[in-house]
Amino acid sequence: MDITHSSPDLTLAAVDLGATSGRVILGGVTDGVLRMKPVARFANVPQLLGESMHWNIQSLFADLSTGLREAILSSPGLTSIGIDSWAVDYGLLRDGVLLGIPHHYRDGRNLRGVELVHEHVAPDDLFAHNGLQHLDFNTVFQFAVEAESGFLDLADRALLIPDLIAFWLTGQMSTELTNASTTGLLSVRDGDWELALMERLGLPSDLLPGLVSPGEPIGELSAPVTARLGASEPIQVTAVGSHDTASAVVAVPMEGQNCAFISSGTWSLVGLEIDAPVVTEEARRENFTNEGGVDGTIRFLKNVSGLWLLSESMRQWEHDATDAQRSSDLETLLAEAAAIETPVAVFDPSDDRFTPPGDMPTRIRDWCSEHGVEAPHTRAEVVRSILESLAAAYAKTLAAAERLTGRSVETIHIVGGGSQNTLLCQLTANRSGRRVLAGPVEATAIGNLLVQARAVGQVDPSSSLDELRQVVRNSFTVTEYLPG
């Protein structure tokens, strides 16, 4: 079971914000079993304003507030709220007031930010400080553009998206640790802000507020918010793994150290959970990242493009469709793709050309033409090519992770939306030669709720991650795929 009906024990609310949609889910743990009920789902549609891409943060906050009202109506005994979202993006504030509209991490300004940062700090030096995979949209690069424009001078605070939402709910400013680790401004060695690095880059050292860890209280709903949401008394907002991948990894039902995870959605986050960062030159060359996890763990992983390629292809085909030639639905295309017996093109899904929105099928054909590979022709072939390419990238990434950490992976856990894609899961097993366990789907919300459950005592406050994952195993089924 993945979702159950309402219960008086559902006293926790997870606000889970993804790059394309958001949700509010009630949950609670009773007798070692997590029960969940979705109360709101809403779209998260970026806005193109002139040539800049932004998040519609006001609409997003209105939608999640409506969801929280529904949660409170469904569960008057609600005791805690946790917030997670995508990483790296932020709002700039002055005296508590938002300045402008937060940029989307896919905005084209990021390349300029990379140039500006690398003028002062070489890539290998930057990696030594923050241990992060080079991604053009990391917060440090975005801040560099803000500083060059002078806009950063107007701000006295920057809040990452989940922290901004928490501030609007509670009036308290903080930076949650797992999301802070994606900014490029957190020390990979001691887990604190890299003040010397900020000084070298000309960034204000007090721009980002102090750090909180998952499970710590952020604050109670302010009096006006309590009234607007229809609560009878203030409700605690609890820090969770506010980077959605950090929450998702909590919900990976791993047993032992011979497991890898793939959090599969718009992006694919492929890697291992380890105890200490790997900051070798080889790790930098392989472009791996060391991000903070819940309970002081390290998510040693690589961002690989994900189902974004498929969703953008579907969007393009829908845009191109006419009354005479309707676009096929995804379920039909996946069935047709699974039936293809001849080899299809395998391309590099992490090529920079696939990062911005646009015509993915044409870009895939262009990549194939440039690399002397026969391009996919039909829509089903494009779908199969995308999934084969993702599976091949997963296998390559995990092989590198094994080499860099000395781990041996026997089982790959796929969680998130991609765990429902049976063809992707089977292809991953085939190309990696490993057993794949798929599920649970709502991993991010599950991890969010479990950290809250431990914080409020619904599970033993001393519970380890392994014990929290036992709750996942008690509560949700997984599907096994063997190499074929």
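What is the volume of the largest pocket? The answer is about 1100 Å³.

This is a predicted model, in which local features need pLDDT of at least 70, side-chain atom pairs count only at pLDDT 80 or more, and totals for chains, interfaces and linings use all residues. Residues are numbered from 1 along each chain as its sequence is written, and side-chain values use heavy atoms, with hydrogens and water left out.

**View 1. Lining of the largest pocket.** A pocket is an open set of points on a 1 Å grid over the protein atoms alone, where a 1.4 Å probe fits, with protein on both sides within 12 Å along at least five of seven lines; lining residues have an atom within 4 Å of a point. Volume is the space filled by probe spheres set on the points, which are joined across faces, edges and corners. Of the 47 lining residues, Ser264, Gly265, Thr266, Trp267 and Gly417 lie nearest the centre.

**View 2. The second largest pocket.** Its volume is about 820 Å³. Among its 36 lining residues, Leu135, Asn303, Ser350, Asp352 and Thr355 are the closest to the centre. Helix H14 (379–405), helix H2 (110–118) and strand S17 (298–305) each supply at least two lining residues, and H14 gives the most, with six. Helices (H or I, at least four residues) and strands (E, at least two) are DSSP runs, numbered from the N terminus.

View 3. A nonpolar core joins buried (under 20% relative accessible area, 1.4 Å probe, protein chains only) Ala, Val, Leu, Ile, Met, Phe, Trp, Tyr and Cys residues through side-chain atoms within 4.5 Å. The largest core has 78 residues, and Leu34, Leu68, Ile81 and Leu450 have the most contacts inside it. A second, separate core of 51 residues includes Val270, Val304, Trp308 and Val436.

Definitions and conventions:
Buried means under 20% relative accessible area, exposed over 50%, partly exposed in between (1.4 Å probe, protein chains only).
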